[in-house]
Amino acid sequence: MTASEPISEDKIVYFGVININEKGRTVGAIDIWRSVITKELFCEEKRLGILEIADNIGMPKIDKGKKWAVAINKNQVGKDKWKLIKIIREGRFRFIDVDEETIVKVDVKDYRIRDADWWNFLVEDNVNRSIEITAQENAK
């Protein structure tokens, strides 16, 4: 590139999807976009049967030090079993459950939920995969 050429602007491009399956049936998906320059990920959850527009329009940002993850409730079924979250690396973590009212408090170590009722997987490790959420074994 020469000094007279303009610096190209960053672009957000579609990067992939994670299909969320329960007992072999798709119950939702995570759409993933990525910045061409910074490689930053942007995610949006899609629930089967939910047609409402998301609260945040555009590409949702994530705070530095957090990662996109999918939290799975071991005690629920169907579309209420999972939620896209922005997880911390370590410590006590709070997020709002799928019902948009219940506050969930869990312990996290190395971006992994340590709780009897919840488990999670990271989006960045599972792009373009189908994840069976009835068991923890198939997520990276």
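Analyst: Two strands are said to pair if DSSP finds at least two bridges between them, and strands themselves are DSSP runs of E with at least two residues, numbered from the N terminus. This is a predicted model, in which local features need pLDDT of at least 70, side-chain atom pairs count only at pLDDT 80 or more, and totals for chains, interfaces and linings use all residues. Residues are numbered from 1 along each chain as its sequence is written, and side-chain values use heavy atoms, with hydrogens and water left out.

User: How do you know that strand S1 and S10 pair?

Analyst: Strand S1 (residues 12-22) and S10 are joined by four bridges in the parallel sense, and the criterion asks for at least two, so they count as paired. Within this pairing, isoleucine 18 has arginine 129 of S10 as its bridge partner.

User: What makes strand S3 and strand S10 edges of their sheet?

Analyst: The sheet is open, with the order S3-S2-S1-S10 and mixed pairing. Strand S3 (41-47) and strand S10 (129-132) each have a single partner strand, so one side of each is left without a neighbour in the sheet.

User: Why is valine 36 called partly exposed?

Analyst: Buried means under 20% relative accessible area and exposed over 50%, with partly exposed in between (1.4 Å probe, protein chains only). Valine 36 has 39% relative accessibility, so valine 36 counts as partly exposed. Valine 36 belongs to the loop between strand S2 (25-35) and S3.
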